[in-house]
Amino acid sequence: MLLPQNVPYLRRDTNSSSVLNNTTSNSTSSSQKFLWVIQDTYDASNFFQSFSFYTGDDPTHGTVKYVDNATASAHNLSYISWDGKVVMKGDDTTTLQPGQYRESVRVSSKTVYNTGLFILDINRAPWGCGVWPAFWTLGDGVWPNSGEIDVIEGVHDNEHNQVTWHTSAGCTLTPSTNFTGTIASNQTNPSCESSGTLPGCGVIEWSQASYGPTFDAQGGGVFAMKWDQDGISVWNFYRVAIPDDILSGTPNPANWPKPTATLEPAGCDPLKYFRNHSIIFDITFCGDWAGNSYATSGCPGTCADRILNPSNFANASWNINWLKVYRRQNVVGVVSAGTPSPVLQLRLPLLTAIAAMAIFGLVML
């Protein structure tokens with residue numbers, strides 16, 4: 001999360017099996033062939049069983065009280081909707097007194113990842129004056145030594161999503177034309193280091209429908225983050241422009257348009273600076289970014305006053321269709337025309353053995 005310049009930033013540091021189907025062929029600049037293989041799917045059937053609820057203090061000093069699973073369910077802050085959507089939200093029913101904190105949700109995946117293709121399909125993301133949501137991944141240990149990747153993040157009624165990387169010293173963003181976003185205006189140098197007043201490196205999406213009310217009004221969309229040895233890239237697709245390969249479960253980033261943001265390996269080794277990441281969703285209020293930027297945001301009054309009225313947080317909610325994680329599987333050898341696919345090649349010996357056993361009456365088919 002990239003903060004306004006000169007604002008000290010202390011980050012929120014807390015911290016399956018694969019199936020050979022739904023694959024697509026890719027290649028790197030060195031012509032290494034590989035597949036993106038589905039690893040994990042999170043949806044209405046398993047989401048809240050697969051994520052842990054964080055209940056500690058907000059390290060970004062938000063006016064928020066993160067609640068546990070039971071409290072979130074009882075207070076209608078986390079649930080599966082009647083139409084099978086995963087919903088997480090900030091409290092929008094309780095009137096607070098000055099000094100009280102508003103209840104909300106922060107969850108982290110129980111599975112830890114080292115590289116992957118992360119694709120999130122959402123109908124709406126939180127927004128509103130004083131609201132600060134994020135969909136991100138975070139490494140283990142002392143922040144930011146294992147890195148942080150902010151895929152969706154913004155404050156207030158902003159219209160542009162912001163992608164940010166936070167790392168230890170030595171990782172730099174390579175300014176280039178390989179992505180469509182704009183380097184954040186408070187980026188005084190290309191370093192992604194996040195310590196003291198160093199804010200990490202951020203890229204702002206060009207689209208006015210990538211965050212906030214316009215994003216929600218057009219039915220949301222898909223965000224994708226690819227993290228492998230070739231770097232870290234983020235894409236955002238409108239609902240009406242989601243690539244067919246994502247919809248079919250065979251994503252192929254090589255066929256997608258330029259990403260919104262890219263962290264190239266020439267300036268930052270993605271396997272060195274990013275390790276052991278959990279997936280996180282959260283909604284906080286005010287705090288180091290939304291609070292410190294409130295006076296210049298165009299929002300009415302003060303953030304401290306804003307937090308008291310529950311009606312101000314009617315739009316502070318996530319509505320998720322699914323989150324899928326694919327792993328990269330290198331392919332050994334070349335598959336030519338007329339040659340069975342790698343998946344079929346793996347299955348042929350097994351099928352042959354079963355057929356032989358059936359002939360001798362060892363198995364029943």
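Pro-144 is placed in the loop between β10 (131-138) and β11 (148-153). The peptide bond that joins Trp-143 to Pro-144 is cis, with omega at about 0 degrees. Most peptide bonds are trans. The structure described here is a predicted model.

**Backbone angles**

Positive phi values are the next topic. Most residues other than glycine have a negative phi. In Asn-276, phi is near 55 degrees, a positive value in a residue other than glycine. Asn-276 is found in the loop between β17 and β18, and with a relative accessibility of 26% this residue counts as partly exposed. Cys-286 also has a positive phi, near 55 degrees, and is a residue other than glycine. Cys-286 lies in the loop between β18 and α5.

**Disulfides**

How many disulfides does the structure hold? There are four. When the bonded cysteines of the protein chain are numbered in sequence order, the pairing reads 1-7, 2-5, 3-4, 6-8. The table gives details for some of these links.

| Disulfide | S to S distance | Angle about the S-S bond | Handedness |
|---|---|---|---|
| Cys-171 and Cys-268 | 2.0 Å | -105 degrees | left-handed |
| Cys-192 and Cys-201 | 1.8 Å | 80 degrees | right-handed |
| Cys-286 and Cys-303 | 2.1 Å | -100 degrees | left-handed |

The link of Cys-171 and Cys-268 has an angle of -105 degrees about the S-S bond and is left-handed. This pair connects distant parts of the chain, 97 residues apart: Cys-171 is in the loop between β12 (162-166) and β13 (182-183), and Cys-268 is in the loop between β17 (261-263) and β18 (278-285). Both Cys-171 and Cys-268 are buried.

Cys-192 and Cys-201 are joined by a disulfide as well, with their sulfur atoms 1.8 Å apart. Are these two cysteines, Cys-192 and Cys-201, buried or exposed? Cys-192 is buried, and Cys-201 is buried too.

The disulfide of Cys-286 and Cys-303 is left-handed, with -100 degrees about the S-S bond. Cys-286 lies in the loop between β18 and α5 (287-291), whereas Cys-303 lies in helix α6 (residues 303-306), so the pair ties together parts that are 17 residues apart in sequence. Cys-286 has a relative accessible area of 6%, and this residue is therefore buried, the cut-off being under 20%. Cys-303, with a relative accessible area of 8%, is likewise buried.

**Nonpolar cores**

The largest nonpolar core has 57 residues. Which residues have the most contacts inside this core? They are Phe-47, Trp-165, Leu-263, Ile-279, Phe-281 and Trp-318. A second, separate core has 14 residues, including Ile-119, Val-222, Trp-256 and Tyr-326.

Phe-47 lies in helix α1 (residues 47-50). Its relative accessible area is 0%, so Phe-47 is buried. Apart from neighbours within four places in sequence, Phe-47 is in contact with Tyr-42, Val-86, Met-88, Val-107, Phe-281 and Ile-320. One of these partners, Phe-281, is itself among the residues with the most contacts inside the largest core. Phe-47 and Ile-80 are 33 residues apart along the chain, and their C-alpha atoms are separated by 9.2 Å.

Glu-103 is located in strand β7 (residues 102-104). This residue is buried yet has no salt bridge.

The side chain of Glu-103 does take part in a polar contact of 2.7 Å with the side chain of His-75. Leaving aside neighbours within four places in sequence, Glu-103 is in contact with Lys-65, Val-67, Thr-71, His-75, Leu-77, Gly-90, Asp-91 and Phe-285.

Notes: Residues are numbered from 1 along each chain as its sequence is written. This is a predicted model: local features need pLDDT of at least 70, side-chain atom pairs count only at pLDDT 80 or more; totals for chains, interfaces and linings use all residues. Side-chain values use heavy atoms; hydrogens and water are left out. A disulfide is a pair of cysteine sulfur atoms within 2.5 Å. Helices (H or I, at least four residues) and strands (E, at least two) are DSSP runs, numbered from the N terminus. Buried means under 20% relative accessible area, exposed over 50%, partly exposed in between (1.4 Å probe, protein chains only). Contact means heavy atoms within 4.5 Å. A nonpolar core is a set of buried Ala, Val, Leu, Ile, Met, Phe, Trp, Tyr and Cys residues joined through side-chain atoms within 4.5 Å. Lys and Arg count as positive and Asp and Glu as negative; His and the chain ends are not counted. A salt bridge is a side-chain nitrogen of Lys or Arg within 4 Å of a carboxyl oxygen of Asp or Glu. A polar contact is a pair of N or O atoms within 3.5 Å; within protein, one must be able to donate a hydrogen and the other to accept it, and residues adjacent in sequence count only if both atoms are side-chain atoms.
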